[in-house]
Amino acid sequence: VHLQEAVRLDPKWALPRFALARVLGRRNQLDEAIAQYLAGLRILPADAEAQGEVAVLLARQGKTAEAIVHYREALRLRPNSPEALNNLAWLLATHPQPEFRDGAQAVVLAQRACDLTNRQRAIFLGTLAAAYAEAGRFDDAVRTAELARQVAEAAGEKPIAEANAKLLELYRAGKPARDRGQ
């Protein structure tokens with residue numbers, strides 16, 4: 001309510017719009033959240049975090065081309081954002097529609113995310129494994145997914161460890177991952 005009032009009182013102030021968008025996104029009100037992000041980005045287009053956050057919501061809605069535009073803008077503004085690098089890499093590596101996949105670029109992005117986090121984030125390692133698989137580098141995919149599983153187990157991230165164990169079977173069979181949630 002307070003955020004809505006702030007937006008009403010000063011519609012040219014981007015920050016309450018972004019905060020309202022985050023709340024709406026958490027409530028799964030995606031259309032409203034995206035509308036607030038886009039309105040805020042018209043005011044403050046150089047907000048890399050908001051660019052990345054709206055990209056996540058657009059991807060959840062299956063608006064892949066739009067999501068890619070916003071991920072790329074987030075990375076133009078903040079090239080060392082591990083989250084934006086990882087999220088775009090995952091999309092490029094696993095999207096069910098081939099026109100959105102680019103294994104080589106996914107590898108570059110995912111490697112950068114892993115390098116920036118000293119290969120300590122299991123979810124990023126899992127993305128790198130998926131990127132390797134999409135690029136046809138299945139031996140690298142198997143090694144990296146195994147590392148992701150180990151890092152996840154050590155960090156107590158059981159769902160990530162289990163997901164990578166399942167993905168390992170795909171990679172061992174010479175098959176890439178496909179994200180059915182797109």
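Some ground rules: residues are numbered from 1 along each chain as its sequence is written, and side-chain values use heavy atoms, without hydrogens and water. Because the model is predicted, local features need pLDDT of at least 70 and side-chain atom pairs count only at pLDDT 80 or more, while totals for chains, interfaces and linings use all residues.

So, the pocket. A pocket here is an open set of points on a 1 Å grid over the protein atoms alone, where a 1.4 Å probe fits, with protein on both sides within 12 Å along at least five of seven lines; lining residues have an atom within 4 Å of a point. Of its 22 lining residues, Asn86, Asn87, Trp90, Ile123 and Thr127 are the closest to the centre. Helices (DSSP runs of H or I, at least four residues) are numbered from the N terminus, and α4, α6, α8 and α10 each supply at least two lining residues.

Now, how do α8 and α9 pack? Their axes, lines fitted to C-alpha atoms over the stretch in contact, are 8 Å apart, at an angle of about 165° on a scale from 0 to 180 degrees between N-to-C directions. The two are therefore roughly antiparallel, the term for angles over 145 degrees. In contact (heavy atoms within 4.5 Å), residues including Leu125 and Tyr132 of α8 meet residues including Phe138 and Val151 of α9.

Thanks, everyone!

How values were computed
Angles under 35 degrees count as roughly parallel, over 145 as roughly antiparallel, 65 to 115 as roughly perpendicular and the rest as oblique.
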